[in-house]
Amino acid sequence: MPAPSALFVQHVPSPIGLIQLSGTEKHLFSAKFVENSPEKDSLMIPDCLHVAATQLTEYFNGQRHSFDLPLHAQGTFFQQQVWQALQEIPVGRTDHYLGLAKRLGNAGAVRAVGVANGANPWLVLVPCHRVIGAQGQLVGYAGGLWRKKWLLEHEAKMSGTYQTSLF
C-alpha cells in the first residue's frame, strides 16, 4: 500500500482575512478563513497550492471570475453533486437552497442541500457564498455573514451588476 501524500499548508492574505489552503502535491483539500492559524506555511509549497494562491489573488483583484484547480472532493456523492452545482452559479448571480435542490432533481432535498453547502471545504473557490435565502436574505456562511456580503458585492462589481447595496 503506498504511503499517504504529505499535506501542505499555505496562507493567502485577502481583503477579508487570511485564507488557509491545504492539500497535497496534486490536489487542494480545503480553503478556509482563519483568524490566527496555529499552522505555519509549509517549507515547500507545491504547485497545486501556489496556483490556488495566485488564482485567489487574481479573484480578489477583480481579474478572475472562476477557478480552475484540482480539488479533491472528500464527501458523499450528494455533497459532490451540490458542490458541482455551486460552481455553475455565475459570478454576480445568486441561487437559493430550493433552486439548487430542484436543479439536482429533488425539490424535497432543501435541507440536505443546505447541509452539503455548509460542508463545502473550499470557501470562495466553490462559491457557496452565492446561495442566499429564498426571500433574498443573507443566510449562513462558514466565513461569517459579513464576508458573504463582501464577496457578493465584490462579484456584483466584477460582473457589472453592482447596486448601491445588495442587503
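Student: Where is the place of His129?
Tutor: His129 sits in the loop between helix H4 and strand S5 (131-132). Helices (H or I, at least four residues) and strands (E, at least two) are DSSP runs, numbered from the N terminus. This is a predicted model, where local features need pLDDT of at least 70, side-chain atom pairs count only at pLDDT 80 or more, and totals for chains, interfaces and linings use all residues. Residues are numbered from 1 along each chain as its sequence is written, and side-chain values use heavy atoms, with hydrogens and water left out.

Student: Is His129 buried or exposed?
Tutor: His129 is buried, at a relative accessible area of 0%. Buried means under 20%, exposed over 50%, and partly exposed in between (1.4 Å probe, protein chains only).

Student: OK, what does His129 touch?
Tutor: Leaving out residues up to four places away in sequence, His129 touches Tyr59, Val124, Tyr141, Lys148, Leu151, Leu152 and Glu155. Contact here means heavy atoms within 4.5 Å.

Student: Which side chain does a polar contact join to that of His129?
Tutor: That of Glu155, at 2.8 Å. A polar contact is a pair of N or O atoms within 3.5 Å; within protein, one must be able to donate a hydrogen and the other to accept it, and residues adjacent in sequence count only if both atoms are side-chain atoms.

Student: New topic. What order does the open sheet of three strands have?
Tutor: The order is S1-S2-S3, with antiparallel pairing. S1 (8-12) and S3 (28-34) stand at the edges with a single partner strand each, so one side of each has no neighbour in the sheet. The twist averages 20° from one strand to the next.

Student: How many bridges join S1 to S2?
Tutor: Five, and the two strands run antiparallel. Two strands pair if DSSP finds at least two bridges between them. Phe8 stands opposite Gly23 in S2. The two strands form a hairpin with five residues between them, and Gly17 in the turn has a positive phi of about 125°.

Student: And how many bridges for S2 and S3?
Tutor: Six, again in the antiparallel sense, with S2 covering residues 18-23. Gly23 faces Leu28 in S3, while Leu18 has Val34 as its bridge partner. A hairpin of four residues links S2 to S3.

Student: Which residues cover the two faces of S1, and are they buried or exposed?
Tutor: Phe8, Gln10 and Val12 lie on one side, Val9 and His11 on the other, and all are buried. In S2, five of six residues are buried.

Student: Now the helices. At what angle do the axes of H2 and H4 cross?
Tutor: Roughly 75°, and the axes of H2 (residues 77-86) and H4 (residues 110-118) come within 9 Å. The two helices are therefore roughly perpendicular to each other.

Student: What counts as roughly perpendicular?
Tutor: Angles of 65 to 115 degrees; under 35 is roughly parallel, over 145 roughly antiparallel, and the rest oblique. Axes are lines fitted to C-alpha atoms, for helices over the stretch in contact, and angles run from 0 to 180 degrees between N-to-C directions.

Student: Which residues meet there?
Tutor: Phe78, Gln79, Val82, Trp83 and Leu86 in H2 meet Ala112, Val113, Ala116 and Asn117 in H4.
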